[in-house]
Amino acid sequence: MSYKVLQKLRYWDPRFSSPYVLKYFLRNFSLWSMKKDPDLESALSRNRRWIANNQIKNIILRCPDQATPVKFLQKKFKTLDLQGKALNWLKKYPCCFEVYLHNDERYFRLTKRMMALVEEEEAVKDMQEPVVVKRLAKLLMMASNQRLNVVKLGELKQNFGLSDDYLIRIVPKYSDMFRIVNYTGKKNSMEIELISWKPELAISNIESSACKHGVEPAFSCSLPTTWVNSWEKFHEFNASPYVSPYENPAGLVQGTKEMEKRIVGLIHEILSLTLWKKASIIKLGHFSREFGLPLKLNALLLKHPGIFYVSNKYQIYTVVLREGYNGSKLIEKDPLVVVKEKFGELMQEGLHEYNKRHHLMNLEKKRMKGMLLGRSEKNKRKDFEPDDPDGQGNNLGGLLEPEERKRFYQSLFDDGLA
């Protein structure tokens with residue numbers, strides 16, 4: 001792309017006169033180049049309110065007696081990326097949060113319905129623990145040396161359904177599978193390591209699906225038939241044998257079709273293990289060493305639009321597994337996703353109730369304002385209209401003028417006092 005092309009696209013800026021800045025700009029420009037998919041863009045519409053309320057919920061659960069002063073939340077508002085008054089925010093979600101007075105200070109806690117959902121979520125976590133353990137083991141089996149940095153994994157733990165306390169909740173309980181190591185002794189070098197290889201888990205989602213249908217493992221394409229060129233490239237890519245992400249890549253050479261096939265298969269498998277079949281490209285890129293991912297990961301993803309969808313919604317670069325969605329709907333919902341959706345529904349119910357109540361209050365204010373204005377106009381007309389509608393008799397002439405009326409009443413009362 002030349003400077004003239006940038007000018008035509010109206011992205012020209014004198015700053016791009018430097019070849020280094022231009023190179024950086026063009027590298028990021030590729031993230032915007034995938035054609036928008038309205039359904040998947042809708043699926044990526046993150047509910048910022050849901051995220052904020054989920055964080056508030058976690059704050060409450062960590063507090064003694066699971067209640068905290070409203071002013072404490074106010075101090076946390078900026079870190080939650082929220083503005084305004086905390087009390088006003090809590091009042092918007094009466095189905096989720098209950099505000100009350102204690103020693104002349106406002107406190108808040110979760111409502112009974114919200115606590116019921118918290119208990120349901122904990123029950124689901126206990127029920128899904130074996131699934132989460134397998135998910136974690138599969139991630140470690142794809143990593144080089146079967147180890148992953150704890151800090152990096154923490155950035156994506158929600159995507160894989162790992163709880164905040166998974167290091168003390170899962171690792172010690174399954175000591176025959178996992179252990180925490182720190183071979184360098186550095187503060188941020190703590191890793192979770194797989195102790196024993198599990199052959200029964202070394203089967204990818206694609207291989208499992210192919211086995212069920214009695215066919216050879218291959219990728220599927222979810223593009224409209226009108227995308228002729230993309231379909232041709234997909235068939236060409238899919239023609240070569242599938243390479244499992246669980247196989248040792250030692251014999252593969254960087255830059256070859258076989259290596260590309262393995263990396264695409266690895267990303268496909270990682271996304272298949274996530275709850276929402278999507279992940280942040282930047283956070284995935286942090287695992288370039290562990291998973292052998294290319295530095296220009298976005299460029300690789302854009303080469304395969306039939307398998308992956310790349311979006312920069314909310315300025316957050318995200319990759320979505322196309323086959324995981326039917327339109328904007330997630331095809332397979334993990335039980336944990338179902339519980340989280342219930343939380344979202346409860347939150348929306350409270351917000352709807354709040355908006356309805358305030359709408360009625362505003363209507364009442366407008367009605368009262370209209371009545372007062374009506375009375376004011378009526379009084380004005382009485383002051384300036386003659387008493388005789390027919391214009392006969394009782395004509396006081398200039399006495400309705402303020403100065404004349406003042407002199408009239410003055411002379412009247414002066415006569416009465418004389």
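The mean pLDDT of the protein chain is 81, and 80% of the residues in the chain reach 70 or more. Confidence is highest in helix α8, at 96, and lowest in helix α1 (residues 3-8), where the mean is 44. Two stretches have a pLDDT below 50. One of them covers residues 19-32 and has 24 contacts in the model beyond near neighbours in sequence. Residues 384-400 also have a pLDDT below 50, and that stretch has six such contacts. Where pLDDT is low, predicted coordinates should not be read in detail.

Strands of a sheet pair through backbone hydrogen bonds, and the pairing is either parallel or antiparallel. Strand β3 (residues 105-110) is joined to strand β1 (residues 67-69) by three bridges, and these two strands run antiparallel. Within this pair, Pro69 stands opposite Tyr107 of β3. Strand β2 (residues 97-102) is also antiparallel to β3 and is joined to β3 by six bridges. Here Leu101 stands opposite Arg106 of β3. The strands β2 and β3 form a hairpin, with two residues between them. In the turn of this hairpin, Asn103 has a positive phi of about 55°.

An open sheet is formed by three strands in the order β7-β9-β8, with antiparallel pairing. The antiparallel pairing of β8 with strand β9 (residues 318-321) extends over four bridges. Val310 has Val319 of β9 as its bridge partner.

Helix α13 (residues 257-273) lies across β7, β8 and β9. The helix runs at about 85° to β9.

Two helices that pack against α13 are described next. Packed helices are described by the angle between their axes and the distance between the axes. Helix α8 (residues 129-142) packs with α13 at an angle of about 165°, and the axes are 10 Å apart. Because angles over 145 degrees count as roughly antiparallel, α8 is roughly antiparallel to α13. The crossing of α8 past α13 is left-handed. On the α8 side, the contact is made by Arg135, Lys138, Leu139 and Met142; on the α13 side, by Arg262, Leu266, Glu269, Ile270 and Leu273. By class, five residues of this contact are nonpolar, four are charged and none is polar.

Helix α12 (residues 228-238) and α13 have axes that come within 11 Å and cross at roughly 105°. Because angles of 65 to 115 degrees count as roughly perpendicular, α12 is roughly perpendicular to α13. In this contact, α12 contributes Glu236, Phe237 and Asn238, while α13 contributes Lys257, Glu260, Lys261 and Val264. The residues of the contact of α12 with α13 comprise two nonpolar, one polar and four charged.

Key. Residues numbered from 1 in each chain as written. Predicted model: local features only at pLDDT ≥ 70, side-chain atom pairs only at ≥ 80, totals over all residues. Heavy atoms only, no water. Pairing = 2+ DSSP bridges. Contact = heavy atoms within 4.5 Å. Axes fitted to C-alpha atoms, helices over the stretch in contact; angles between N-to-C directions. Parallel < 35°, antiparallel > 145°, perpendicular 65-115°, else oblique. Left-handed = near helix turned anticlockwise from the far one by under 90°. Nonpolar A, V, L, I, M, F, W, Y, C, P; charged D, E, K, R; others polar. pLDDT = per-residue confidence, 0-100.
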